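This report looks at charged side-chain pairs, a surface patch and the confidence of the model.

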Amino acid sequence: MKIFEKLVRNEIMAICKDKIDQRQHGFLPAKSCTTQIIPFYESLATTINELTMTDVIYFDFAKAFDSVNHDIILQKLKYQFHIDGKLLKFLSNYLKDRMQHVVIGGSISSALPVLSGVPQGSILGPLLFVLFINDISDCISEGTNIALYADDTKIWRKINLDNDHDILQKDIDSLYSWSTLNKMKFHPLKCKVLSVTSCHSLHNYILPTSRFAYCLNGECLDYIETEKDLGVHIHNKLSWNQHIFYLCSKANRMLGLVKRTCKFVKEHNRKRVLYLSLVSSQFNHCSPVWRPASVTLLNKIERVQVNAIKWILCEEGSTYTDLAYFKKCRELELLPLKFRLDFFAILLFHRIIYETVAIKLPEYIKLARPSALRSSHQDPLTYTSTVRPRVITKTKKNPQSIKKLKIYQKNKIKNLKQ
């Protein structure tokens with residue numbers, strides 16, 4: 001059935017791919033949490049640089065996947081995405097006539113029909129929800145941004161004038177009207193407001209009582225300093241201290257759990273696998289977004305791997321110098337964590353340049369043309385700003401120059417390998 005659902009999913013994607021909102025990043029190819037957060041964070045960083053303020057409204061659907069109305073989703077599939085015939089009939093049969101019951105302590109309740117929702121744990125369920133929520137961005141005003149990751153929804157707007165508060169409130173009311181029309185419900189207590197400002201901005205000294213009161217269905221939304229957005233703690237000053245402290249604490253707890261429960265593991269390779277899969281992986285999620293520039297924070301992250309290496313090599317009582325630590329990393333074929341974070345950032349940037357990920361290169365970053373560089377700066381690793389970067393090599397007909405160039409390339413490759 002899973003294979004059959006994948007085939008149906010491919011057919012639906014072929015029909016609906018061009019109609020899905022590009023700001024939706026959930027359960028879609030070439031998109032992830034990272035592709036959603038990076039443009040969002042870039043917008044907030046611009047706010048910090050311009051000494052202005054941006055208000056972000058985080059929405060939370062109550063039982064999102066279980067609240068999808070079957071009649072409404074089928075109607076949208078037919079009239080918005082032009083899915084009809086046998087495929088629409090299959091999806092109708094796929095959603096309807098399902099039964100469920102509850103098992104508690106070995107006792108089974110009577111079966112009841114499932115009147116709404118998409119099957120969770122299925123292949124088609126998340127895609128159907130993405131199609132169901134696709135038109136939510138139609139009710140957003142010009143100048144207000146929206147980002148979606150399945151049911152995780154946020155809108156934000158730069159606040160230059162008091163009128164911007166009123167426009168953002170109007171957008172909140174429009175989203176609430178959309179939810180009512182589509183028989184969905186927002187959880188007012190879980191919907192929050194994050195006001196992003198610069199550390200030197202006068203907005204920091206505004207009293208809480210003088211803040212604009214955003215309301216959802218008559219209930220005022222709470223202002224917060226930090227919000228966990230797709231697993232990343234976004235601070236109103238764009239500081240990553242809290243997020244890194246959280247990651248290090250979580251990784252250290254996991255490392256302690258592995259040490260206590262895996263005392264029977266003696267081989268270094270098996271310990272290394274446990275570390276990579278359970279501990280080091282805590283730092284992989286959206287690392288190009290939050291990778292710190294502070295040496296203090298980088299050292300705090302690195303200490304997690306230092307303790308792990310001591311456990312792997314059974315040297316927990318010893319102390320490593322920087323050189324000894326690098327040698328231990330090389331012995332275990334591990335990158336120091338700060339280099340690993342750099343690797344993920346460079347890899348993502350490479351994918352952005354080659355357009356294999358759903359992030360566009362910002363307008364303020366342009367690839368240099370070799371003609372714009374001095375001849376002393378042009379080497380075989382120069383990139384051109386054509387449709388896709390390519391490596392160019394300029395050689396002269398003089399055999400001695402060709403020989404020197406080959407020696408230069410050979411030394412360059414040797415240094416890169418080292």
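In this predicted model, the side chains of Glu50 and Lys158 meet in a salt bridge, with 2.8 Å from N to O. Because Glu50 lies in the loop between α2 (33-49) and β1 (53-59) while Lys158 belongs to strand β7 (residues 152-159), the pair ties together parts that are 108 residues apart in sequence. Glu50 is partly exposed, with a relative accessible area of 43%, and Lys158 is also partly exposed, at 29%.

A search of the whole structure finds eleven salt bridges, among them the following.

| Pair | N to O distance |
|---|---|
| Glu50 and Lys158 | 2.8 Å |
| Lys76 and Asp135 | 3.1 Å |
| Lys328 and Glu315 | 3.4 Å |

Lys76 forms its salt bridge with Asp135, and this pair links distant parts of the chain, since Lys76 is in helix α3 (residues 70-79) and Asp135 in the loop between α5 (124-132) and β6 (145-149), 59 residues apart. Both Lys76 and Asp135 are buried. For the salt bridge between Lys328 and Glu315, Lys328 sits in helix α11 (residues 322-331) and Glu315 in the loop between α10 (295-312) and α11, 13 residues apart. Lys328 counts as buried at 18% relative accessibility, whereas Glu315 counts as partly exposed at 26%.

On the surface, Met1, Ile3, Phe4 and Leu7 form a nonpolar patch with about 470 Å² of accessible area together. Ile3 has its place in helix α1 (residues 2-16) and, at 66% relative accessibility, counts as exposed.

As for confidence, the protein averages a pLDDT of 88, and 86% of the residues score at least 70, but pLDDT stays under 50 over residues 200-205 and over residues 381-397.

Notes. Residues are numbered from 1 along each chain as its sequence is written. This is a predicted model: local features need pLDDT of at least 70, side-chain atom pairs count only at pLDDT 80 or more; totals for chains, interfaces and linings use all residues. Side-chain values use heavy atoms; hydrogens and water are left out. pLDDT is the predictor's confidence in each residue, from 0 to 100. Contact means heavy atoms within 4.5 Å. Patches are made of residues with over 30% relative accessible area and no salt bridge: like charges are joined within 9 Å, nonpolar side chains (Val, Leu, Ile, Met, Phe, Trp, Tyr) within 5 Å. Accessible areas come from the Shrake-Rupley method with a 1.4 Å probe; for residues, only the protein chains shown count as cover. A salt bridge is a side-chain nitrogen of Lys or Arg within 4 Å of a carboxyl oxygen of Asp or Glu. Helices (H or I, at least four residues) and strands (E, at least two) are DSSP runs, numbered from the N terminus. Buried means under 20% relative accessible area, exposed over 50%, partly exposed in between (1.4 Å probe, protein chains only).
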